[in-house]
Amino acid sequence: MANRLAGATSPYLLQHKDNPVDWWPWSDKAFAEARRRDVPVLISVGYAACHWCHVMAHESFEDAGVARLINDGFVAIKVDREERPDVDAVYMTATQAMTGQGGWPMTVFATPAGEPFFCGTYFPRDNFARLLDSVTTAWRDQRDEVVTQGSAVVQAIGGAQLVGGPTAPISAELLDTSAELLAKEYDRTHGGFGGAPKFPPHMNLLFLLRHHQRTGAAGDLEIVRHTAEQMARGGIYDQLAGGFARYAVDGTWTVPHFEKMLYDNALLLRVYTQLWRLTGDPFARRIADETARFLLHDLATPAGGLASALDADTDGTEGLTYAWTPAQLSAALGAEDGAWAADLFRVTTQGTFEHGSSVLVLARDIDAADPELVARWVDVRARLLEARRQRPQPARDDKVVASWNGLAITALAELAQLTGDGGAAAIELATVLAERHIVDGRLRRVSRDGVVGAPVGVLEDYGCVAEAFCAVHQLTGDGRWLTRAGQLLDVALEHFPTGQGGFYDTADDAERLVTRPADPTDNATPSGLSALCAGLVAYAALSGETRYREAADAALATAGPLISGHPRFAGYVAAVAEAVLSGPYEIAVVTTDPAGDPLVRAAHRHAPPGTVVVAGEPDRPGVPLLADRPLIGGAAAAYVCRGFVCDRPVTTIDELVSRLSG
């Protein structure tokens, strides 16, 4: 018989609807039930694509004996961290404070008031059963100590929030320090930063690209180029269908943790697009195109919007869909092409993965190869992909997350600006967010099957979606997108400020948790503060309204010590800071042919970091950058401004490029 999760919209919660555990969704009713029964709360947090979440579910939550211990001694609450990042943030801070590490599944024992007194992550079945017994005994026999521990943890994690801490205004010296520290941690052999497990450092790479463009530092570009190549030739990149896995379990990018997340691929799409823009490297262009194709083919949902993830597991086995043996290659391609593919993709009899299988990597530089070799590679890829499609496929978490779709929209819009394809996909996705996720002027975090969910938007949603709407405004020259971005930013400025320059991650009228999260660090996704700053800077440049820039400057100053001291966790906010230090430039191209005008293409190709570009006919309604800017002698002209200070218009590509390089 299904439990209370049967009516959930979250795919992760629905995975647990048939557990013998008497799960509750996160709700006031669940905590009221704990108070009524006078029992502690078990809070289990995870997400649908999480491998170890599945393992703990199979071992413990599907086990009748473990379920009996949970049901008898606790009120059990299941939380989708992607749907409720605010809940996840509070209890992850507690878990890290108590254990020194974090991760998912996250296992938290709390009082009926929600105060955590014991935290951990994955527990094997027998260990978990003993833990349940121990917590039940402690609640019965040592209640005062347990409650005191919970209160102390809440006090500690409340004080851990960086609200009202030291500030450092953004400067060239501060960003130079950040880039230098990143260079010291750079893996010169395999690219990226640090050792195993190795995550794609998309936000740090975006920062280094912008730092290189502003300063001319060749080392920054080499770090990005080398890391981008190593990742895309490794097993973390799907050599057949495109798209990046969440991370590599080794330091060489060979064996991935196979889940594919929307946010990683959106951010990496942006990196490869900008790398191609700055270098013209066909390899970077190919990876950008393939990543965009993965987003729009594998993650597009029938009701509109992009799904949040593909699962790490297939039928309970990690990598089942993706790994190959030499025999399997030969069966799919024939002996000759099978042997050729095994050599190209480094598939050996020993294997690089489990049970003698290998994850495909690209052993040689195919992009600069002889055309006949490239044609053979394209044919082999297509045939292997078709064979792979006959295998069982990983499950998909098809909920649409506002902030992650916002990241994808911005990336797709930037690619469209450079390729000139019109950006229909970015516009369509933005329309879904505008029409479905904005309810009574406020953002909702998720939707599924065309129905918006109840969880309210957090700061990162407002920031990422506002930045996306600014990107679509630039792509289309349609003033409605700028208006929508401004409305979201106004809500954020009203409901999220700390009063000391920074921002909380939840609104002042959102559900009250045991503490109000305010984490400025960039982790898997941009922090709410970073995302909001990006939206504020872009909107200020497009609208000319300086109060949004002033809010961004104040917020960036609160992140200054983080940028200079811990750059690995400040990639996105540092990238925004680079835009601010550059101006950012504001380019208005007045033209009767915005889609085909060479001045528009040159503006996008040579734009300094964070530049906003709008093209269209003079005085187009709702487009401030085109106001009072006429054609020159009946011909197109580019008006270049920096920090709201404008130079005379230029009418040739050479003049524009010279102006932007000055």
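The model is predicted, so local features are taken only at pLDDT of at least 70 and side-chain atom pairs only at pLDDT 80 or more, while totals for chains, interfaces and linings use all residues. Residues are numbered from 1 along each chain as its sequence is written, and side-chain values rest on heavy atoms, with hydrogens and water left out.

To start with the inside, a nonpolar core here is a set of buried Ala, Val, Leu, Ile, Met, Phe, Trp, Tyr and Cys residues joined through side-chain atoms within 4.5 Å. Buried stands for under 20% relative accessible area, exposed for over 50%, and partly exposed for anything in between (1.4 Å probe, protein chains only). The largest core holds 162 residues, and the members that touch the most others are Ile-70, Phe-109, Phe-128, Phe-244, Tyr-272, Phe-469 and Ile-563. Its biggest contributor is helix 20 (residues 528–543), which supplies 12 residues. Helices (H or I, at least four residues) and strands (E, at least two) are DSSP runs, numbered from the N terminus. Another core, of 24 residues, lies apart from this one and includes Phe-31, Ile-77, Val-87 and Cys-119.

Strand 8 is joined by two bridges to strand 9 (residues 309–310), and Met-261 sits opposite Ala-309.

Then there are the charges. Counting a side-chain nitrogen of Lys or Arg within 4 Å of a carboxyl oxygen of Asp or Glu as a salt bridge, the total is 43. Asp-86 and Arg-84 make one, at 3.0 Å from N to O, and both residues are buried. Arg-140 and Asp-141 also pair, at 3.0 Å, but these two are exposed. Glu-229 bridges to Arg-233, their closest N and O atoms being 3.0 Å apart. These residues lie four apart in helix 10 (residues 218–233), so about one helical turn separates them. Glu-229 counts as buried because its relative accessibility is 19%. Finally, Asp-80, Glu-82, Asp-397 and Lys-399 are linked in a salt-bridge network.

Notes: Two strands pair if DSSP finds at least two bridges between them.
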